[in-house]
Amino acid sequence: MSDRKQAEKYEDSELYRIRHSAAHIMAQAVMEMFEPGEAKLAIGPPIDNGFYYDFDLPRPLTPEDFKAIEKRMRQIIKEDHQFQKQVISADEAKKAFEGQPYKLELIEGLEEGGVDEYGEPLDEKPEISFYTHDSFTDLCRGPHVPSTGKVNPDAMKLMSIAGAYWRGDENKPQLQRIYGTAFATADELEQHIWRIEEAKKRDHRKLGKELGLFHFSEDIGSGIPLFTPKGEIMRHIMEDFVRETQTRYGYDHVWTGHLVKEDLYHKSGHYENYRDSMFPPMVDDNISYRLKPMNCPSHMTLYKEMGLHSYRELPMRFAEFATLYRYEKTGELTGLTRVRALTQDDCHSFCTPEQIEEEFTLALNLIREVLDRYHFTDYRVDLSLKGDEGKYVDDPEKWQKAEAALRSALDKNKVEYTEAYGEAAFYGPKADFIAKDVLGREWQLSTIQVDFIQPERLDLNYIGEDNAEHTPVVIHRAVTGTTERFLGVIIEHFAGAFPVWLAPVQAVLIPIADRHIEYADQLAAQMKEAGLRVEVNDSSDRMGAKIRNAQNQKVPYMLVIGDREMEANQAALRLRSGEDLGAQSIDAIINRAQQDIKEGV
RNA sequence: GCCGAUGUAGCUCAGUUGGCAGAGCAACCGCCUUGUAAGCGGUAGGUCAUGGGUUCGAAUCCCAUCAUCGGCUCCA
């Protein structure tokens, strides 16, 4: 459940039991579609907003199968079979699931202890239990509703079909996953479906097209967005805002280009970890260059090139709006939220170990101010820590130091956080800021990371008070993350109706007849003079059509200009809310716009 | 990259069993000179994603490639 503050944990809720039970009912319905032994069961847990079940089936399922499955599910619900629990031994369990390789693998995991029936890590050795209803038995710890009849047939729906790797491992077989959802009441299901519809309406790919902000082209390449003048003015405003704000906070800006010798990434460790996500090398006389996929090694190199540093110079904060290129796999590209050309609002803060906390606080305040301007007021923090295995650099002492520093900085700032193991960067732990948009969807935006590893690998140092050489700590920090992704997120957050300061076109002037165009042009010139972005709609459309167009473009102000306004040296102001504020002087309108810009509405 | 689906005009979409490629909006040209969410008429617009194949004949059937979508995996 997304709202973690709720007193009752999702796992203990009625909703969880309903969904868990619905998953079993669905599994029965699916198994019955195939001959005995043909279909293999994997796992079927409740998740946020619903449940799924993974199957290994002899043929691909299609959405057309959904009707039949749902129909059978309703029947099973109607028959009101009891869910019966049975604790059994591992041997009995194995016998019962003969011919079900995935279940057998899970049982072995349970037998050895350390993982639950979904393969998730577990502290203690669990008992092995089955839940049975009607003819269907599943390896399951429960809990369930008492009987199938407790699942509301009108509050349940199959949502989609997708491929999913067994145990989330791309080297293991790919299974078919059916996503479904269930609620206590039909009303709640309807609300859920409404949210999905609303999200579709707000989809930044759809709105980006409608508002004319960006395009993708097969001639350019996938994952490389092209920004129109309207899209680019937004990028410019967004980057300008962060640049101005972080300058005020004491950050400096640098520029480090687009190409880097591959050798540097061998030294930093990025090559080893991210080779496959870089564009292939450009080779010149045996020297390989790479399109820059991240800034840290470049910034660290710049730090070195600037000469010997005294502790008195620290912290040094290098921020850069750099367009990076990452070879994201084709199936991972999604609109602006996952692209191959991305512009990070990245910063690396070189500091002493004693300065970590202060640097963290500075970054935190900056993040708060920036997110606030974008109306992201509800966010949570994940403390992303190293997992037991994987990509992480093996240097327990440095990890321990970095983690302790990050924890203490979070605590000092009274930031509540959830720990996320196995989510750290290869070089250090992160504090990730996950903001909720108006639909309650979560987006990981900002990040603050503590790095004891790369500075040493790249031989950075400074002269301390003791006149000896020390290795600085580097705080990596991004505020909006990337311009592209953040733009995608705010398009959905605002449903395209951006705050005035951000709107690509802030006002459209609407002359009623041709004789009003000249006066409209005069007003437009005055508004432009005041720094506003305005357009005059001098087409032969009727006024109603002009209003409709501006409304669909979500332009904040519409200025209607006819004979009356022209005579009184005014314009009639209409807001995109539909509110008609009547005729006003152009100065009053400009004042209002400037006030709205200041307030960020 | 993997599983599944989709790809027709700038946009949204229709196109029967294989038989002359369509509509609305947008664009352009006229007429109308307009009072708070679509005025009227006309014109133009297509390598049916791309490349092969089957067929007398392919938007339609088959294969490959590319792209997009829903997920999985990954995300410095």
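Axes here are lines fitted to C-alpha atoms, for helices over the stretch in contact, and angles run from 0 to 180 degrees between N-to-C directions. Helices (H or I, at least four residues) and strands (E, at least two) are DSSP runs, numbered from the N terminus. This is a predicted model, in which local features need pLDDT of at least 70 and side-chain atom pairs count only at pLDDT 80 or more, while totals for chains, interfaces and linings use all residues. Residues are numbered from 1 along each chain as its sequence is written, and chains are lettered from A and ligands numbered from 1 in the order in which they are written.

Let us start with helix α7. Two packed helices are described by the angle between their axes and the distance between the axes. For α7 and helix α11 (residues 356–373), that angle is about 150° and the axes lie 11 Å apart. The crossing of α7 past α11 is right-handed; a crossing is left-handed if the near helix is turned anticlockwise from the far one by less than a right angle, and right-handed if clockwise. On the α7 side you will find F241, V242, T245 and Q246, which meet L366, E369, V370 and R373 of α11. Two residues are in contact if their C-beta atoms, placed from the backbone, lie within 7 Å. By class, this contact of α7 with α11 holds four nonpolar, two polar and two charged residues. Ala, Val, Leu, Ile, Met, Phe, Trp, Tyr, Cys and Pro count as nonpolar, Asp, Glu, Lys and Arg as charged, and the others, Gly among them, as polar.

Helix α7 (residues 229–248) also packs against helix α14 (residues 483–493), here at an angle of about 105° and with the axes 11 Å apart. The two helices α7 and α14 are therefore roughly perpendicular to each other (angles under 35 degrees count as roughly parallel, over 145 as roughly antiparallel, 65 to 115 as roughly perpendicular and the rest as oblique). M234, R235, M238 and E239 of α7 make this contact with T483, F486 and L487 of α14. Its residues divide into four nonpolar, one polar and two charged.

Two strands pair if DSSP finds at least two bridges between them.

Strand β24 (residues 507–511) runs parallel to β25, with three bridges between them, and V508 has E535 of β25 as its bridge partner.

Now turn to RNA strand B. There are 56 residues around RNA strand B, of which A162, G163, T330, G331 and G562 come nearest; a residue is near a molecule or strand if its C-beta atom, placed from the backbone, lies within 6 Å of it. Elements that each supply at least two residues of this surface include β7 (156–165), α6 (204–210), α17 (563–568) and β27 (570–575). Helix α16 gives the most, with seven residues. The surface near RNA strand B has 19 nonpolar, 20 polar and 17 charged residues.

A few local details are worth a look. Strands β5 (residues 128–133) and β6 (residues 136–139) pair in the antiparallel sense over four bridges. They form a hairpin with two residues between them, and D134 in the turn has a positive phi of about 45°. The peptide bond from G142 to P143 is cis, with omega near -5°, and P143 sits in the loop between β6 and β7.
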